[in-house]
Amino acid sequence: MKNITVIGTGYVGLVAGTCLADFGHQVRCVDIDQTKIDLLNSGKIPIYEPGLEELIKRNKESKRLSFSTDIEDAVRSSEVVFIGVGTPSDGKGEVDMSYVYSVVETIAKNHNGYTVVVTKSTVPPGTAKLIQEKLASLGCSDKNFDIVSNPEFLREGSAIGDFMIPDRIVIGANSEKAFKVMREVYRPLFLRETPIVETNPETAELIKYASNGFLATKISFINEISLICDKIGADIYTVSKAMGLDGRISSKFLHAGPGYGGSCFPKDTEGLYSIAKKVGVKSLMVKATMETNERQKITMVEKFRKLMKNDINGKRIAILGLTFKPKTDDIRETPALVILRELLNDGADISAFDPEGIPNMKQEYPEIEYSLSIEETLTNADGAILITEWNELRTLNPDQVKGWMKTPVMLDCRNIYNPSKWRNAGFEFDNVGKLK
Ligand SMILES: NC(=O)c1ccc[n+]([C@@H]2O[C@H](COP(=O)([O-])OP(=O)(O)OC[C@H]3O[C@@H](n4cnc5c(N)ncnc54)[C@H](O)[C@@H]3O)[C@@H](O)[C@H]2O)c1
């Protein structure tokens with residue numbers, strides 16, 4: 001059993017801390033956000049993640065998991081300190097590392113004996129070295145610290161399963177002592193024979209960016225193919241299926257849609273591009289992936305304008321789904337943000353449905369009408385766009401939807417509806433390159 005502190009109780013820190021407690025460790029999750037910590041201490045959770053609330057409850061009751069804003073005290077009493085704070089884009093294409101370095105200062109001032117500092121946050125290659133240098137500049141002895149890169153690959157919506165049964169664990173360190181500590185941290189997964197990649201910190205840090213860059217590229221690639229399908233009458237669903245049956249390609253991340261979003265792919269592709277540039281490599285692949293993604297979002301808007309015969313001003317438009325994918329409340333970089341912006345610029349009057357994303361989207365677009373009812377959102381609408389494939393939206397009946405709407409117009413950005421069924425019901429209908 002290890003005494004562990006996890007700094008940052010966001011989508012990653014909260015899941016990692018809770019799962020590590022479930023492995024049997026003594027875990028303190030700390031955050032500077034008092035509201036989040038108060039909420040967690042009152043038995044509620046600040047994010048939507050299936051299964052997380054119950055797992056937190058169980059580990060709190062077993063006294064293995066606690067929440068606090070006292071970061072200094074937590075650091076003092078821990079042998080392993082995970083950094084799980086945000087590393088957003090700084091708006092100029094670089095990774096904003098200010099949250100990570102502010103945490104490093106706190107660790108420097110408060111550590112007590114040998115401490116393993118683990119970056120769980122996605123950080124540019126070279127960060128472990130820079131953290132080591134920063135600690136040294138703050139008067140800390142090398143002997144007291146090991147810096148480990150342990151990137152996280154969980155997906156929001158299935159985060160607990162991904163953390164507990166990962167495809168692999170990546171551990172980047174420069175000392176056997178640190179590897180030994182990390183093997184103890186992940187002991188239950190070692191026992192289950194989870195593949196472990198032990199390497200140096202630079203390699204571990206790059207693995208995360210390379211993985212996200214590659215997955216984003218797969219999505220952008222299939223999105224581009226969907227545009228060709230649209231032009232030549234080919235079916236993207238069959239193209240994806242047949243491509244995915246090739247074991248060298250695999251069917252994952254090969255679904256055409258409105259473009260990738262979320263807190264990782266957009267910022268990590270941007271980060272990878274700037275990392276490459278810094279070392280003198282012009283990343284043609286990553287640049288194309290990012291540009292294709294931006295084009296895909298705008299293509300969705302253009303498709304909808306066409307369906308609406310460019311008559312959107314003053315029209316009531318129903319938006320079905322706001323989050324960047326189902327089973328999360330995360331709206332960061334969701335394609336919905338671009339689609340809403342464009343439609344509002346066109347003068348649309350928007351009504352939006354989402355089971356979990358409304359509170360977050362309200363902060364971005366307070367002027368929009370929101371509802372937890374699909375029927376209410378579609379009632380009297382002149383057109384509708386399906387953006388997020390929540391389960392409850394998969395089974396919509398076109399005849400019933402037509403009865404609710406003023407004009408039957410539907411753009412299916414996730415290819416979940418059968419085009420002929422909707423067209424036969426009288427809809428002006430389009431999707432992302434799917435024929436049947
Ligand atoms: N969200 C994902 O699916 C995912 C998956 C893999 C990796 N990651 C990476 O994990 C990291 C965290 O992502 P996230 O989505 O959990 O972010 P988040 O924004 O949800 O959470 C970050 C948390 O850190 C806290 N914080 C900021 N500064 C702090 C400080 N000085 N001390 C204590 N707490 C502080 C914030 O209050 C917030 O609660 C990022 O680097 C991200 O790229 C995210």
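Start with the ligand: by class, its shell is made up of 11 nonpolar, 11 polar and five charged residues. Keep in mind that this is a predicted model.

**Around the ligand**
- In total, 27 residues surround the ligand, and the closest are Gly-8, Gly-10, Val-12, Ser-121 and Thr-122.
- Two elements, α1 (11-22) and α5 (98-110), each give two or more residues to that shell.

**Nonpolar cores**
- The largest nonpolar core has 58 residues, and the members touching the most others are Ile-7, Val-15, Val-81, Phe-82, Ile-83 and Val-117.
- Helix α1 is the top contributor to this core, giving eight residues.
- Leaving out residues up to four places away in sequence, Phe-82 touches Ile-4, Thr-5, Val-6, Ile-7, Ala-16, Val-118 and Lys-120.
- There's also a second, separate core of 53 residues, with Cys-229, Ile-385, Leu-386 and Val-409 among them.

**Strands β7 and β8**
- Strand β7 (residues 169-172) points Ile-169 and Ile-171 one way and Val-170 and Gly-172 the other way, yet all of these are buried.
- β7 pairs with strand β8 (residues 196-199) in the parallel sense, over four bridges.
- One of the residues involved is Ile-169, whose bridge partner in β8 is Ile-196.

**Helix α10**
- Helix α10 (residues 201-232) has 32 residues, so at 1.5 Å a residue it should span 46 Å; its end C-alpha atoms are 47 Å apart, which agrees.

Note on methods: Residues numbered from 1 in each chain as written. Predicted model: local features only at pLDDT ≥ 70, side-chain atom pairs only at ≥ 80, totals over all residues. Expected span 1.5 Å × (residues − 1). Near = placed C-beta within 6 Å. Nonpolar A, V, L, I, M, F, W, Y, C, P; charged D, E, K, R; others polar. Core = buried A, V, L, I, M, F, W, Y, C linked by C-beta atoms within 7 Å. Buried ≥ 20, exposed ≤ 12 C-beta atoms within 10 Å, placed from the backbone. Contact = placed C-beta atoms within 7 Å. Pairing = 2+ DSSP bridges.
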